[in-house]
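Colleague: I have just opened this one. Can you walk me through it?

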Amino acid sequence: MKLASQKDFFSGLMFTIVGISFAVGATNFDVGNAARMGPGYFPLLLGILLTVLGILITVQSFRSKAPDGDPIGKIAWRPLGFVLGANLAFGALLVGLPSLGIPAMGFIVAIYGLVLISGFARPNCSVKESLILATLLAVGSYVAFVHMLNLQFPVWPAFLTA
């Protein structure tokens, strides 16, 4: 069999591996049944669904009529690094790193850090655009999570609220 689409093949393979991992990991929890779902029920079903989707995409990659075999390009290291770094910074800013002496900065500062760092994933990033987006996201997130859902977590740095 000839591989017609490398992108579909490797995407399907990744979905299958992640789906199997979720399904196997879910068996460590009580799965229950449809009437009384346990904590492992949803991850198990999600893992099975993702595995089936991955297998379908992988099989389809052999039948695709993509021009030039739809090859995979080079890995985009810049966006990958900035997006992963932004998520790590979000976690570190939200709850702090006590082992390194970094205090929790709160939800709003963490959102600004997330948006500003991930904005550099674009080649021509604009700090002004990132600040506007961060402000909209911070206000919307505050209204949704703190005001409407009444979730309890630090919104501002401890030194501002103490």
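This is a predicted model: local features need pLDDT of at least 70, side-chain atom pairs count only at pLDDT 80 or more; totals for chains, interfaces and linings use all residues.

Colleague: Which residue forms a salt bridge with Arg-122?

Modeller: Glu-129 does. The closest N and O atoms of the two are 2.9 Å apart.

Colleague: New topic. How many helices and strands does the chain have?

Modeller: There are 6 helices and 0 strands. From the N terminus, the order reads α-α-α-α-α-α.

Colleague: At what angle do H4 and H5 pack?

Modeller: About 145 degrees, with the axes 9 Å apart. H4 covers residues 107-119, and H5 covers residues 127-148. H4 passes H5 in a right-handed crossing.

Colleague: Which residues of H4 and H5 meet?

Modeller: On the H4 side, they include Phe-107, Ile-111 and Leu-116. On the H5 side, Leu-131, Ala-138 and Phe-145 are among them. By class, this contact has 14 nonpolar, 4 polar and no charged residues.

Colleague: Now the whole chain. What is its radius of gyration?

Modeller: It is 21 Å, whereas a compact globule of 162 residues would have one near 15 Å. The C-alpha trace spans about 65 × 50 × 35 Å along its principal axes.

Colleague: What share of the residues is buried?

Modeller: Buried residues make up 24% of the 162. As for contacts with a separation of 6 or more, 61% come from residues 24 or more positions apart.

Notes:
Residues are numbered from 1 along each chain as its sequence is written. Side-chain values use heavy atoms; hydrogens and water are left out. Axes are lines fitted to C-alpha atoms, for helices over the stretch in contact, and angles run from 0 to 180 degrees between N-to-C directions. Helices (H or I, at least four residues) and strands (E, at least two) are DSSP runs, numbered from the N terminus. A crossing is left-handed if the near helix is turned anticlockwise from the far one by less than a right angle, and right-handed if clockwise. Contact means heavy atoms within 4.5 Å. Ala, Val, Leu, Ile, Met, Phe, Trp, Tyr, Cys and Pro count as nonpolar, Asp, Glu, Lys and Arg as charged, and the others, Gly among them, as polar. A salt bridge is a side-chain nitrogen of Lys or Arg within 4 Å of a carboxyl oxygen of Asp or Glu. The radius of gyration is taken over C-alpha atoms; the globule rule is 2.2 Å times the number of residues to the power 0.38. Buried means under 20% relative accessible area, exposed over 50%, partly exposed in between (1.4 Å probe, protein chains only).
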